[in-house]
Amino acid sequence: YASNVVVRASADGRALFFRNLHTLVRLDAAGGKEAWRRKLDPERHVLFLIDGKPWKTEIVQAGDFTYDEIVALDAASGKELWKVTTPGKEQSLPGHVVWQKGKLVLFGDFRVYAYEAATGKPLLAMENRFAVGARDAKTKIDSVSLLGDVVVVAASGVRTAYELGSAKKV
């Protein structure tokens with residue numbers, strides 16, 4: 001489908017990356033020669049990181065789907081550097097993305113995950129919960145901000161800050 005083709009230039013302008021539902025390709029910008037090609041499974045939702053930056057580079061990328069995995073690729077070779085695979089639909093990584101200074105935060109209705117973009121090292125995995133009388137309940141997350149090593153979660157009008165690495169409230 002032509003409407004599903006996404007094109008992105010590398011930061012140095014030497015390469016172009018094309019993606020559709022079935023393929024991710026790197027072309028050298030000067031001559032258009034194909035450097036590498038990766039087949040994709042259209043049934044899986046994958047967030048690609050190329051040279052440590054998300055394929056979708058917007059600060060927040062809205063979406064209702066979840067990511068089945070994150071795959072980090074070397075831009076020059078297409079070599080897989082690391083991968084995080086989720087255990088299933090109930091535990092899939094949320095589809096909203098915040099990226100800043102080498103840190104990647106994904107969030108959805110109730111869960112927040114953070115990773116080092118260069119290594120895939122987990123920095124935070126949490127479910128947003130609060131006490132309602134004598135019981136515990138999930139709280140739908142409205143937005144997430146990343147401020148250095150602190151993730152700020154906004155839910156139901158309340159903002160709570162968590163330290164990356166320890167998940168301590170700050």
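Modeller: Start with one term: a residue is buried when its relative accessible area is under 20%, exposed when that value is over 50%, and partly exposed in between. Keep in mind that this is a predicted model. Thr 23 has a relative accessible area of 17%. That value is under 20%, so Thr 23 counts as buried.

Where does Thr 23 sit? It belongs to strand β3, which covers residues 23–28. What does Thr 23 touch, once residues up to four places away in sequence are set aside? The contacts are Phe 18, Arg 37, Arg 38 and Leu 40. Several of these names will come back.

Now the sheet. β1, β2, β3 and β4 form an open sheet, in that order, with antiparallel pairing. Its edge strands are β1 (6–9) and β4, and each of them pairs on one side only. From one strand to the next, the twist averages 15°.

Take the β1 side. β1 and strand β2 (residues 15–19) run antiparallel and are joined by four bridges. Phe 18, a contact of Thr 23, is the bridge partner in β2 of Val 7.

Next, the aromatic rings. How many aromatic pairs does a search of the whole structure find? There is one. Phe 17 and Trp 36 form that pair, with 6.1 Å centre to centre and 50° between the planes, and it is tilted. Phe 17 is in strand β2 and Trp 36 in strand β4, so the pair links distant parts of the chain, 19 residues apart. Are these two residues buried or exposed? Phe 17 has a relative accessible area of 1%, so it is buried. Trp 36 is buried too, at 7%.

Charged side chains come next. The structure holds four salt bridges. One of them joins Arg 26 and Asp 28, at 2.7 Å from N to O. Arg 26 is buried, with a relative accessible area of 12%. Asp 28 is partly exposed, at 28% relative accessibility.

Arg 38 forms a salt bridge with Glu 80, and their closest N and O atoms are 3.0 Å apart. Arg 38 is in strand β4 (residues 34–39) and Glu 80 in strand β9 (residues 80–85), so this pair links distant parts of the chain, 42 residues apart. Both partners are partly exposed: Arg 38 has a relative accessible area of 22%, and Glu 80 has 33%.

Further along the chain, look at a second sheet. This open sheet has four strands in the order β11-β12-β13-β14, and the pairing is antiparallel. β11 (96–100) and β14 (122–127) are the edge strands, each pairing on one side only. Here the twist averages 10° from one strand to the next. Strand β12 (residues 103–107) pairs with strand β13 (residues 111–116) over five bridges, in the antiparallel sense. Within β13, Tyr 113 stands opposite Leu 106.

Lys 103 and Asp 149 form it, with the closest N and O atoms 3.2 Å apart. Lys 103 lies in β12 and Asp 149 in the loop between β17 (143–147) and β18 (150–155), so the pair ties together parts that are 46 residues apart in sequence. Lys 103 counts as buried, at 16% relative accessibility. Asp 149 counts as partly exposed, at 45%.

Last, the nonpolar cores. The largest has 15 residues, and Val 105, Val 112, Leu 124 and Val 151 are among those with the most contacts inside it. β12, β13, β14, β17 and β18 each give two or more residues to this core. β14 supplies the largest share, three residues. Apart from this core lies another, of 13 residues, including Ala 72, Val 84, Tyr 113 and Ala 117.

Technical notes
Residues are numbered from 1 along each chain as its sequence is written. This is a predicted model: local features need pLDDT of at least 70, side-chain atom pairs count only at pLDDT 80 or more; totals for chains, interfaces and linings use all residues. Side-chain values use heavy atoms; hydrogens and water are left out. Two strands pair if DSSP finds at least two bridges between them. Axes are lines fitted to C-alpha atoms, for helices over the stretch in contact, and angles run from 0 to 180 degrees between N-to-C directions. Buried means under 20% relative accessible area, exposed over 50%, partly exposed in between (1.4 Å probe, protein chains only). A nonpolar core is a set of buried Ala, Val, Leu, Ile, Met, Phe, Trp, Tyr and Cys residues joined through side-chain atoms within 4.5 Å. Contact means heavy atoms within 4.5 Å. Rings of Phe, Tyr and Trp (its six-membered ring) pair if their centres lie within 6.5 Å; planes under 30 degrees apart count as stacked, over 60 as edge-to-face and the rest as tilted.
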